[in-house]
Amino acid sequence: MRASGTFSVKSFVPTGLEPSPPIATNLPVGVATLEKSFEGEVAGRSATLFTAAFDQQSGVGTYVAMESFEGSLNGAEGAFNFVHSATTSGSDRTAEFFTIVPASGTGALAGIRGGGGLAVDADGTHRMWFDYELDASA
C-alpha cells in the first residue's frame, strides 16, 4: 500500500550536542530535534532526532533522521518509527535511504513494515510517502 502527504516543520531546535572526542572536519556535525505536522493520506505528527554534517552557505552535506510518527496512514491509526537520510551537493538529493523500523508499530499500524521517500517541490512543498505492508498477525 502507499500513503502520501505533505508536511511542514513546526520546530527545528539545535541541541548543542557535539561528537566526543571533538574531531575537526570541514563540515561540523550537529544534532537537532524537529516536530513535523502531516496532512493527506499521511496525517499526524512526528518527533525527530536529526543529525547532519552540512554547510549552510553552499547547501552541501548529509543528514540522518530518526522519526517517531503518530497519526494515520490511509485512515489506519497508530504510531511507528522510521529512519531516512540523504546527501546533497546543493541542488540535488542522492544516496537516499528510507525505511520503517521493524516491530515499531502500534494500534492499527502494528506489524507495519516497508519504506518510503521524501521530496521537496520547486515551490518548497515537502512531500513524504510510505510504501508499506501491515502484518495481520501482529
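Ser-85 sits in strand 5, which spans residues 76-89, in what is a predicted model. Its relative accessibility is 15%, so Ser-85 counts as buried, the cut-off for that class being under 20%. Leaving aside residues up to four places away in sequence, Ser-85 is in contact with Tyr-63, Val-64, Ala-95, Glu-96 and Phe-97.

One of these contacts, Ala-95, belongs to strand 6, residues 94-100. Its phi is near 50°, a positive value in a residue that is not glycine. Ala-95 has a relative accessible area of 58% and is therefore exposed, whereas Ser-85, at 15%, is buried.

The C-alpha atoms of Leu-118 and Glu-96 are 8.9 Å apart, with 22 residues separating the two along the chain. Leu-118 is part of strand 7, residues 112-120, and counts as buried because its relative accessibility is 10%.

The loop between strand 6 and strand 7 holds Ala-103. This residue too is not a glycine, and has a positive phi of about 65°. With a relative accessibility of 81%, Ala-103 counts as exposed.

A further backbone feature involves Ser-20 and Pro-21, which are joined by a cis peptide bond with omega of about 5°. Pro-21 is located in the loop between strand 1 (2-14) and strand 2 (29-40).

Note on methods
Residues are numbered from 1 along each chain as its sequence is written. This is a predicted model: local features need pLDDT of at least 70, side-chain atom pairs count only at pLDDT 80 or more; totals for chains, interfaces and linings use all residues. Side-chain values use heavy atoms; hydrogens and water are left out. Helices (H or I, at least four residues) and strands (E, at least two) are DSSP runs, numbered from the N terminus. Buried means under 20% relative accessible area, exposed over 50%, partly exposed in between (1.4 Å probe, protein chains only). Contact means heavy atoms within 4.5 Å.
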